[in-house]
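Hello,

Here is the structure I promised to pass on. My notes follow below it.

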Amino acid sequence: MGSSRRALLIMIAASAGVALSGCGFSPMYGESGVSAALSDIRVETGREQVDFHLQEALLDRMGARHASGPYILRTESDTTRSPLGVGADAAISRYAIGLTVDYGLFRDGDVDPVVSGTVRSEASYNVPLSVYASVSAERDATERAAQLAAERIASQLVRALQDANTQ
C-alpha cells in the first residue's frame, strides 16, 4: 500500500515537472534563474542609518557585493515611529517603525527608470526601562524593517526582470 502511494506521488511530481517545462516555466532563484541577474545591480541609498541597513540587506539579498553591471538601484526611504501600546501608567510600552522605500532601477546614462516602485514594511519593539536597551531595541526594529523592505524590493525586481525576459 505504501509503495504504490509513493509511486503515485512520484508520477504526479514528474508529470507536473513535464507540464511546467512545456509552458516556459523557469525558476526565479538558482544559478540560471532570473535572480542571478540581481547580482550585477549596483545599489545606492541615502545617508541615514536606516539607509545603511537597507543597502546592506539589499546587497546580501541580491548577492551584489561586487556588482559591476549596467544597472543602478537607487532608493529613497522615509521612516515613521508610531506608539502602539500604552501601559496602565499611561506610558508608551511599544512602538512600530514604519519604513516606506521608493526605488528605481536605472540603466547607466538613462534618466528614466527601467523599473520603479514603492514598498512598505513595519517592525515593532517593546520599550524596556533601560535607555540603552531602548535605543538598541529601536535600532533592531529599524534593521528588521529594512531587511523586510529589501526582500520585497528584490522580489519585485525579480518579477519585473522575469516579465521583461518573457516579452
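Which residues make a nonpolar surface patch of about 300 Å²? Leu8, Leu9 and Ile12 do. Like charges are joined within 9 Å, nonpolar side chains (Val, Leu, Ile, Met, Phe, Trp, Tyr) within 5 Å. Areas come from the Shrake-Rupley method with a 1.4 Å probe, and for residues only the protein chains shown count as cover.

A word on the source. This is a predicted model: local features need pLDDT of at least 70, side-chain atom pairs count only at pLDDT 80 or more, and totals for chains, interfaces and linings use all residues. Residues are numbered from 1 along each chain as its sequence is written, and side-chain values use heavy atoms, without hydrogens and water.

Ile12 sits in helix 1 (residues 2-22). Helices (H or I, at least four residues) and strands (E, at least two) are DSSP runs, numbered from the N terminus. Ile12 is partly exposed, at 47% relative accessibility. Buried means under 20%, exposed over 50%, partly exposed in between.

Thr45 lies in the loop between strand 1 (41-44) and helix 2 (49-62). Thr45 is buried, at 19% relative accessible area. Its contacts (heavy atoms within 4.5 Å) include Leu54 and Thr75, not counting residues up to four places away in sequence. A polar atom of its side chain is 3.2 Å from the backbone oxygen of Asp51.

Ser134 belongs to helix 3 (residues 131-166). Ser134 is also buried, at 18%.

Best wishes

Conventions: Buried < 20%, exposed > 50% of the residue type's maximum accessible area, 1.4 Å probe, protein only. Polar contact = N/O pair within 3.5 Å; in protein donor to acceptor, adjacent residues only side chain to side chain. Patch = residues over 30% accessible without salt bridge, like charges linked within 9 Å, V, L, I, M, F, W, Y side chains within 5 Å. Salt bridge = Lys/Arg side-chain N within 4 Å of Asp/Glu carboxyl O.
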